[in-house]
Amino acid sequence: MKITVLTLFPDMVAQALHTSIVGRAMDAGILEIRTVDIRDYAENKHNSVDDYPYGGGAGMVMQAGPVVRAVRAAKTELPAGTRVVYTSPQGSVFTQETAKRLASEESLIILCGHYEGIDERALELTVDEEISIGDYVLTGGELPAMVMIDAVARLLPGVLHNDTSAETESHQESLLEYPQYSRPREFEGLEVPEVLLSGDHAKVDAWRREQSLLRTREKRPDLLEKAELTEKEKKFLANTPGE
Ligand code: SAM
C-alpha cells in the first residue's frame, strides 16, 4: 500500500513512522510512505503557506493554492482514484471499521491541517473524506495521520508476525480482547488462570471468548450492543452476573 502524507512538518511524520511495526512494514515493502512538505508548493519567496482569515478572527489559515497544488502533484504519483483524506476534528470519527476500509485501498493521500485549518475551497476541490481521531482539537493533523497509518498498517497482510493476531484484537467484531498473561506464572500473589496452562486449545479458545464477552460488557457495554452473538453466548452472559 502506498500512503502519501501532505504536511507542514514532514520530519515529524517520517521519523515517527520509521519505528516498530510500521517501520518493519516499510522495510518489508508492504507499505510505502512518502511525506510531502506543503511548503514546497508555496509560490512566494518566503515559502509562506498561511494567511489571515477573511472576516477576522484568531489565528491563521492554510491557503488553498499550496494545498491544492500539493494534492494534485501527489495524485500524479499514485494510481488513479486514490482517495484524499483530510484529518479534521470535524470529520467522522476513526474506528477499527474505518481502519479496515482504508487498509483495503491500494493507495491513500492524507492531508494534515495546521493553524486554524485549511481554506475551505481547497477541501472542496481535493478532499474525498474528512476523518477525526476523536472529539478534541489537536494542533495539527500529523498525530492523527500517524494514528491512522499505524492502525491501517497492522491490518495489511504480512505486517503482523501472526496474521490471526489482528483478528482477535479489541474492536474486531465489536468486542474487546480477552486478558493476556505471560511469564512468570505467579506475580505478587496473582496466578495465571489455570486453563491457560492446560494445553487444551479448545478450552483456551472457549475461555478467551467468554472473557472477551465479559470484559466488553464490563468496560464497553455500548460495543456489546453491536456485537453479533450466538444464542449460546447470549445465554452465557445472561447467566453470568456482572461485577
Ligand atoms: N479550527 C479548526 C476547527 O475548529 O475545526 C481546528 C483546527 S486544528 C487547531 C488544526 C488541524 O489539526 C486541523 O486542520 C486538522 O488537520 C488537525 N486536527 C485537530 N484535531 C483533530 C482531530 N481530532 N482529528 C483529526 N485531525 C485533527
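Strands here are DSSP runs of E, at least two residues in length, numbered from the N terminus. With that in hand, here are some close-up views of this predicted model.

**View 1. The strands around the ligand.** Let us start with β5, which spans 83–93. The largest share of the shell around the ligand comes from β5, with 5 residues.

**View 2. The residues around the ligand.** There are 21 residues around the ligand, and those that come nearest are Tyr86, Thr87, Gln90, Glu116 and Tyr136.

View 3. Look for the side chain of Gln90, where an N or O atom is 2.8 Å from an oxygen atom of the ligand. At Gly113, a polar backbone atom is 2.9 Å from an oxygen atom of the ligand. Ser88 also takes part through its backbone: an N or O atom there lies 3.2 Å from a nitrogen atom of the ligand. On its own the ligand has 580 Å² of accessible area, and the protein covers 86% of this.

**View 4. The pocket.** Here is the space taken by the ligand, which is the largest pocket.

**View 5. The two domains.** Stepping back to the protein, the domain assignment gives domain 1 (2–153) and domain 2 (170–239). Taken over C-alpha atoms, the centres of domain 1 and domain 2 are separated by 37 Å.

Notes: Residues numbered from 1 in each chain as written. Predicted model: local features only at pLDDT ≥ 70, side-chain atom pairs only at ≥ 80, totals over all residues. Heavy atoms only, no water. Near = heavy atom within 4 Å. Polar contact = N/O pair within 3.5 Å; in protein donor to acceptor, adjacent residues only side chain to side chain. Areas by Shrake-Rupley, 256 points an atom, 1.4 Å probe, with all protein chains shown as cover. 1 Å grid on protein atoms, 1.4 Å probe; cavity = no way out; pocket = protein on both sides within 12 Å on 5 of 7 lines; lining within 4 Å. Sits in = over half its atoms within 2 Å of the grid points. Helix = DSSP H or I, 4+ residues; strand = E, 2+ residues; numbered from the N terminus. Domains from an automatic or database assignment.
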